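Good morning, and thank you for making time for this item. I would ask you to look at the sequence and the model together as I speak.

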Amino acid sequence: MPSFIWDRTPQEAYANPYEYDAQCQFLREAAAFLDVLHRHLCGSSRRFHRDDTSGEKAIWMLQVDALESLRDCVELLRDKRHRLAGRLFRDVTETLDLAAFFHSESTESRKSLERWYKDEVVEHSVYRKYVKTTEGEGPASAKRDDYRALSKFTHRTYRSLAFGYTLGAGDCLVYEGVDTLGILIPPHTISRYLALAASLIKFLRNELSARGTVSPETVTAAWCATMEDRSAPRRFVPHPHKA
């Protein structure tokens, strides 16, 4: 069975951060799964001409970028370098949503695709507007809320920075970077970021299948081949906490 980290919410992960065996299992599985996807996405059969301006090429390039960003996230979190990993979370979501928008082949997405090939920025709000038109207010609002939450890592809000501090005497902030051995890095932060990374990897998995870049059968086979047979057991009883 896969590591239970794959199905944790960030809040539960933050509240119960000491599941080190399960976290190590997740990092192994995530790295192996993304490596297999990399071989399928970037193998010798994937060739697009320089002057090709098709939606298929754009979707492929965007999904490759999201995949490579997630591989970076796994490596960074293995080294407990959460600040850099956090900056990539919104990037991955934005990139996969843009690929999904191009895949829709709507009138608006075709216009945006032309702009994209001219090196113009296609704002995430354009995709959210499309979701609102095709799926309704609820899904569009959910996309907006998720995007705003991840944007806090990019724009370095107070709370996003506070994840890199512990409390010392008198409840004064102590920055993790004052200790070169890394023992001050809050385990709650790493645990939370691993849960976020897990959700984004599953998002990539689903998007590759949905957009036809890799067949659903191939994605499923890659997942089954890289998940370990036994899930590391929980060491602690979960307790609720608002993170």
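Let us begin with Ser3, which lies in the segment before α1 (10-15). Helices here are DSSP runs of H or I with at least four residues, strands are E runs of at least two, and both are numbered from the N terminus. Please note that this is a predicted model, in which local features need pLDDT of at least 70 and side-chain atom pairs count only at pLDDT 80 or more, while totals for chains, interfaces and linings use all residues. Residues are numbered from 1 along each chain as its sequence is written, and side-chain values use heavy atoms, with hydrogens and water left out.

Is Ser3 buried or exposed? Ser3 has a relative accessible area of 2% and is therefore buried (buried means under 20%, exposed over 50%, and partly exposed in between, with a 1.4 Å probe and protein chains only). Beyond its neighbours within four places in sequence, Ser3 is in contact (heavy atoms within 4.5 Å) with Ala22, Gln25, Phe26, Glu29 and Ser231.

With a relative accessible area of 23%, His38 is partly exposed. Setting aside residues up to four places away in sequence, His38 touches Gly43, Leu67, Glu68 and Arg71. His38 and Arg71 are 33 residues apart along the chain, and their C-alpha atoms are separated by 9.3 Å.

Which residues of α7 are buried? They are Ala140, Ser141, Tyr147, Leu150, Ser151 and Phe153. These buried residues pack against α4 (82-104), α6 (124-135), α8 (158-162) and α9 (187-210). After α7 comes Arg156, with a positive phi near 55 degrees.

Finally, the whole protein. It contains ten helices and two strands, in the order α-α-α-α-α-α-α-α-β-β-α-α. Its radius of gyration, taken over C-alpha atoms, is 19 Å, close to the 18 Å that the globule rule (2.2 Å times the number of residues to the power 0.38) gives for 243 residues, so the protein is as compact as a globular protein of that length. Of those 243 residues, 44% count as buried. Among contacts between residues at least 6 apart in sequence, 71% join residues at least 24 apart.
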